[in-house]
Each structure stands twice: as structure tokens, then as C-alpha cells.
Amino acid sequence: AIRVDSPHQDRPVLCFFAGSPNSCARRKILELFANEPDFDVSTSFLDDEAYQQRLLESQFCLVLRGSSHTNNVRLYDNIAHGCIPVIVSDDFQPPLDQWLPRRGL
């Protein structure tokens, strides 16, 4: 069974996204990658258990701006399940941005 701490090379899905096609970036990702091997991108909404399993099976998870801001529960779901978030957004503000000197890192 795949666990949160499973090495990424053991995760069979290269990239995962499930969500509404409610932004330009989301529509483009769905258009380009819906039929690509190793990608699981769709507008299908999974129940909680299936969604969590898909996060555990995926190496990278897309976090795309949609009708809500990018800093939402999906970002933290990805991190909690060991899926590397790939953020595509023009409104992302990193957590603790005011206190962490990111520009100097």
C-alpha cells in the first residue's frame, strides 16, 4: 500500500488534478493532459476516500487558481499526502510570507 512517506518513484501517477474547468489555466491543463499517460487530470469529483488515495498515488499535484484563491485546503491536502504541489496562479501568497525571508533563501 502507498503511504504518505512512500518514495515518489513508487507513486504510479506522475501528475494529478481534479476540478472544475473554471479558469483559463484549468481548461488548458485539461485540454493538454487529459489523455496523456501518467497524468490523471479530469473534471471528475471523487469522494473523499478516492481523492485521498489519488493524492497518495501521485508524485505531483496541480494547484490551479479557479473560483477561489490558490491558498486553499487543496494545497494543504497535497502537502499532507506527500504529493508535491505545483502551483499555477497569479494570486499565490506563500504561507507565513510576512515572517519567512523567502527572497533570501
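1. A residue counts as buried under 20% relative accessible area, as exposed over 50%, and as partly exposed in between. With 59% relative accessibility, Cys24 is therefore exposed. Please keep in mind that this is a predicted model.

2. Now to the cysteine bonding. The count comes to one disulfide, and this joins Cys61 to Cys83, with a S to S distance of 2.0 Å. The torsion about their S-S bond is about 105°, so the disulfide is right-handed. Cys61 belongs to strand β3 (residues 58-64), while Cys83 sits in the loop between α3 (73-80) and β4 (84-88), so the bond ties together parts 22 residues apart in sequence. Cys61 is buried, at 1% relative accessibility, and Cys83 is buried at 1% too.

3. What about Cys15? This residue is in no disulfide, and the nearest cysteine sulfur, that of Cys61, is 7.3 Å away. Cys15 is buried, with a relative accessible area of 7%.

4. On to the rings: there are two aromatic pairs. In one of them, Phe16 and Tyr51 have ring centres 6.0 Å apart and planes at 50°, so the pair is tilted. Phe16 lies in strand β1 (residues 13-18) and Tyr51 in helix α2 (residues 48-57), so the pair links parts that are 35 residues apart in sequence. Both Phe16 and Tyr51 are buried. Tyr51 has a further contact: the charged end of Arg74 sits over its ring, 4.5 Å from the centre.

5. Phe33 and Phe39 also pair, and they are stacked, at 4.7 Å centre to centre with 10° between the planes. Phe33 is partly exposed at 26% relative accessibility, and Phe39 is partly exposed at 24%.

Methods: Residues are numbered from 1 along each chain as its sequence is written. This is a predicted model: local features need pLDDT of at least 70, side-chain atom pairs count only at pLDDT 80 or more; totals for chains, interfaces and linings use all residues. Side-chain values use heavy atoms; hydrogens and water are left out. A disulfide is a pair of cysteine sulfur atoms within 2.5 Å. Helices (H or I, at least four residues) and strands (E, at least two) are DSSP runs, numbered from the N terminus. Buried means under 20% relative accessible area, exposed over 50%, partly exposed in between (1.4 Å probe, protein chains only). Rings of Phe, Tyr and Trp (its six-membered ring) pair if their centres lie within 6.5 Å; planes under 30 degrees apart count as stacked, over 60 as edge-to-face and the rest as tilted. A charge sits over a ring if NZ of Lys or CZ of Arg is within 6 Å of the ring centre and within 35 degrees of the ring normal.
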